[in-house]
Amino acid sequence: MTLQFKIKLKDSSKPPIWRKLLVPADLTFYEFHIAIQVAFGWYNAHLYEFTEGRGGMRIVDDVAQEWERSAATKQSDKVLLKRIFKQPKQSLLYLYDFGDYWQHEIVLEKIHREVLPLPKVLDGKGTCPPEDCGGIHGYYEMVRQLSAPSSNPDVDYREWLGLEEGEEWELDAFDLAKANQNMILTFTEGAS
């Protein structure tokens, strides 16, 4: 079985930042986390968790598992997607980086009978915000400062982002071919 998900970065707009993924149903939540990281362009540098909502089941990485041990908390490398996702329209929240609080809404769109050997990015929109920029509100403040007409642009942001003279930050850049190339490299070379 293969599961088709739409994953949207909450509170993103103009454009909304989202990715559509096909993933094997027998992936663990840890492997799903890695697929999401690759699809969005994150660097897997922070803790994460999947939750059903307030008071519901939590699936966390092994470091976060050490902080909270409860019956509702499961370790991400021990739970398969197919054990949780059983019907379309099911949803979970995915939180990446407890400081910047990048919250994503995951919705299962379809279940396909065919088996896919590796995760695949089907579509997406919007540039992934850079790590450690202060969450979604910090990201939009960064974008505002970068696009503000000024004779003295915010050099710190430009340098931090590695932008060359005259180069602009593109809000809606998304390269599907590159995302899939990175997915193949990640899942075939054992980098996950």
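Modeller: Before we start, buried means under 20% relative accessible area, exposed over 50%, and partly exposed in between (1.4 Å probe, protein chains only). This is a predicted model, where local features need pLDDT of at least 70, side-chain atom pairs count only at pLDDT 80 or more, and totals for chains, interfaces and linings use all residues. Residues are numbered from 1 along each chain as its sequence is written, and side-chain values use heavy atoms, with hydrogens and water left out.

Biologist: Is cysteine 133 buried or exposed?

Modeller: Its relative accessible area comes to 10%. The cut-off for buried is under 20%, so cysteine 133 is buried.

Biologist: How many disulfides are there?

Modeller: A disulfide here is a pair of cysteine sulfur atoms within 2.5 Å. By that rule, cysteine 128 is in none, with the nearest cysteine sulfur, that of cysteine 133, 8.9 Å away. From the side of cysteine 133, the closest cysteine sulfur is the one in cysteine 128, and 8.9 Å is too far for a bond. The count of disulfides is zero.

Biologist: Okay, on to the strands. Which residue is the bridge partner of tyrosine 48 in β6?

Modeller: Strands are DSSP runs (E, at least two residues), numbered from the N terminus, and two of them pair if DSSP finds at least two bridges between them. β3 (residues 48-51) and β6 (residues 91-96) pair in the antiparallel sense over four bridges. The β6 partner of tyrosine 48 is tyrosine 96.
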